Amino acid sequence: MALIALAADKGSPGVTTAAVALAAVWPRRVLLAETDPAGGDLVYRSAAAHGGPLNPNTGMLSIAATARRGLVPDQLWDHVQPLSGGLEVLVGLGIAEQAAGLAGLWPTLGHAFASLADSPNAPADVIADCGRVSGDTPAVELFPHASLVLLISRTEPEALARVRDRAAALAGKLHGGSRSAATLNSPVIGVVLVADPGNAAKLAGQVNDMLVHAQTGARVVGTLADDPAGAEQLAGRRRGRLDKSLLIRSARKVTADVYQQYGAAWAAQAQAAQQQTHAAPPQGHGAGR
């Protein structure tokens, strides 16, 4: 159905934790892609399905050579590793310097991620952990191919001011002059707040009002519980019933709300795109030789 890109403006609000949590409860098959040009974290914090460490050379690093020759969406699976809980992951780069090997390939990756949902063999949605997007990070080249860009933010005043300004900047870049939240621009720009569950609903309403008043074109799509214990469980560093944690319970609500709000529209867009593709004349016909 979709490419969902997660990012933050500044600091460490928990983009990777949010990406893993959402992917863990996603209602369809999903591929979690670590696309942060600064490097991934999962190779250091998560175990592979076989019980050993993840291979840092299989993932974004190995896909660079493949993508230079063109990339069919199903080829993504050749570079995927399963985590111990079964989640399928495209492991990120080891260090920022390796991002040079992906120069010029980000749009190709974005198209492959977005098209994976329509694969006749192994369809899946893609959740991409893009890390911080302040400055000129090349990960923003994935965004035009996404159905939803989620900005992750904590609730300190300075964090909220930054996410407001970042949302407005992205809307200008991706949507041009159209910033109306009432219009379903593509990609949709949403904000997910990492908040204390006790006042999350009130904060979400206040922040949403701020985004609307500032004409950012973005809206709050949900809140994730600020749950350090749940985050430790998710990373495999603490025992406990992960499915009962506040983090996972809140992630389930976010995914359900996202599908309820946007799922039908995404499905209609995908169907229209498929019809347009089938209606296009075959390449090489109709022209003189």
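1. Two strands are said to pair if DSSP finds at least two bridges between them. Helices (H or I, at least four residues) and strands (E, at least two) are DSSP runs, numbered from the N terminus. The model is predicted: local features need pLDDT of at least 70, side-chain atom pairs count only at pLDDT 80 or more, and totals for chains, interfaces and linings use all residues. Residues are numbered from 1 along each chain as its sequence is written, and side-chain values use heavy atoms, with hydrogens and water left out.

2. The protein contains eight helices and eight strands. Eight strands form an open sheet with mixed pairing, in the order β3-β4-β2-β5-β1-β6-β7-β8. Because β3 (81-82) and β8 (219-225) are at the edges with a single partner strand each, one side of each has no neighbour in the sheet. Within the sheet, β1 (residues 3-8) and β5 (residues 125-132) pair in the parallel sense over five bridges; A5 stands opposite A128 in β5.

3. Contact here means heavy atoms within 4.5 Å. Helix α1 lies across β1, β2, β5, β6 (148-153) and β8, and runs at about 170° to β5. For such angles, axes are lines fitted to C-alpha atoms, for helices over the stretch in contact, and the angles run from 0 to 180 degrees between N-to-C directions. Of the contacts in the protein with a separation of 6 or more, 75% are between residues 24 or more positions apart.

4. Buried residues (under 20% relative accessible area; exposed is over 50%, partly exposed in between; 1.4 Å probe, protein chains only) make up 49% of the 289 residues. A nonpolar core is a set of buried Ala, Val, Leu, Ile, Met, Phe, Trp, Tyr and Cys residues joined through side-chain atoms within 4.5 Å. The largest has 50 residues, of which L109, F113 and F143 touch the most other members. Helix α5 (residues 157-175) gives the most to this core, with six residues. Apart from it lies another core, of 40 residues, including L83, V91, I127 and V194.

5. Which residues does F113 touch, not counting those up to four places away in sequence? They are L3, A33, T35, L76, L90, V126 and L142.

6. E34 lies in strand β2 and counts as buried, at 3% relative accessibility. Leaving aside neighbours within four places in sequence, E34 is in contact with G40, D41, L42, M60, L90, V91, G92 and D129. Between E34 and A19, 15 residues apart in sequence, the C-alpha to C-alpha distance is 9.0 Å.

7. Rings of Phe, Tyr and Trp (its six-membered ring) pair if their centres lie within 6.5 Å; planes under 30 degrees apart count as stacked, over 60 as edge-to-face and the rest as tilted. The count by this rule is one aromatic pair. The ring centres of W26 and Y259 are 5.3 Å apart and the planes are at 70°, so the pair is edge-to-face. W26 is in the loop between α1 (15-24) and β2 (30-34) and Y259 is in helix α8 (residues 246-279), so the pair ties together parts 233 residues apart in sequence. W26 is buried at 9% relative accessibility, and Y259 is buried at 18%.

8. Q215 lies in the loop between α6 (200-213) and β8. Although not a glycine, Q215 has a positive phi of about 55°. Q215 counts as exposed, at 57% relative accessibility.
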